[in-house]
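The sequence and the model are shown here for reference.

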Amino acid sequence: MNLTKLIALSGLVLLSCKKEESERPTVTTFEKNVSKKDRQIDVENIQTASFKIEGMTCAIGCAKTIEKELSNLDGVEKAIVDFEKKSAIVVYDRTVQNTEILTVTVKKVGDGKTYKVSEIKI
């Protein structure tokens, strides 16, 4: 009997909370509703950087991890790290990112000494 009362009371509380939430005015912003991947970079702000990465020893552990970290940066539209060529190509919003941040990100994936970035071309 006590379990039935507890379930009924829980249901009542949950329903009343939902009603109150819908009555409150909601304020949303564009930035909160759009994921990083859905944001468009203005054409005039698109920048592509390519660079060499020394120190990678495997395609999955090193190259994919670096690629993922670069891709997760704000303003980065696309990052491709090629283990065989020991290189990376990053398409990004130049108003948000720069090559210095990209370089630091690659180095931080390791211990700061494992990966070396060189031959940066914009």
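## The buried side of H4

In this predicted model, the buried residues of helix H4 (99–109) are Leu102, Thr103, Thr105 and Val106. These residues lie on the same side of H4, because the arc that they cover around the axis is only 160°. An α-helix has 3.6 residues a turn, so residues three or four places apart point the same way.

The face of H4 turned away from this buried side carries Glu100 and Lys108, both of which are exposed. Among the elements that cover the buried residues of H4 are S1, H3, S2, S3 and strand S4 (116–121).

Thr103, which is placed in H4, counts as buried because its relative accessibility is 13%, under the 20% cut-off. The side chain of Thr103 reaches the backbone oxygen of Thr99 at 2.8 Å, and, leaving aside residues up to four places away in sequence, Thr103 touches Val117 and Ile120.

At the start of H4, a side-chain oxygen of Asn98 comes to within 3.0 Å of the backbone nitrogen of Glu100.

## Leu102 and the nonpolar core

The largest nonpolar core has 20 residues, of which Phe51, Ile53, Met56, Leu70 and Leu102 touch the most other members. Two or more residues each come from strand S1 (46–54), helix H3 (59–71), strand S2 (76–82), strand S3 (87–93) and H4, with H3 giving the largest share, 4 residues.

Leu102 touches Ala49, Phe51, Leu70, Leu73, Val76, Val90 and Tyr92, when residues up to four places away in sequence are not counted.

Note on methods: Residues numbered from 1 in each chain as written. Predicted model: local features only at pLDDT ≥ 70, side-chain atom pairs only at ≥ 80, totals over all residues. Heavy atoms only, no water. Core = buried A, V, L, I, M, F, W, Y, C linked by side-chain atoms within 4.5 Å. Buried < 20%, exposed > 50% of the residue type's maximum accessible area, 1.4 Å probe, protein only. Contact = heavy atoms within 4.5 Å. Arc of directions from axis to C-beta. Polar contact = N/O pair within 3.5 Å; in protein donor to acceptor, adjacent residues only side chain to side chain.
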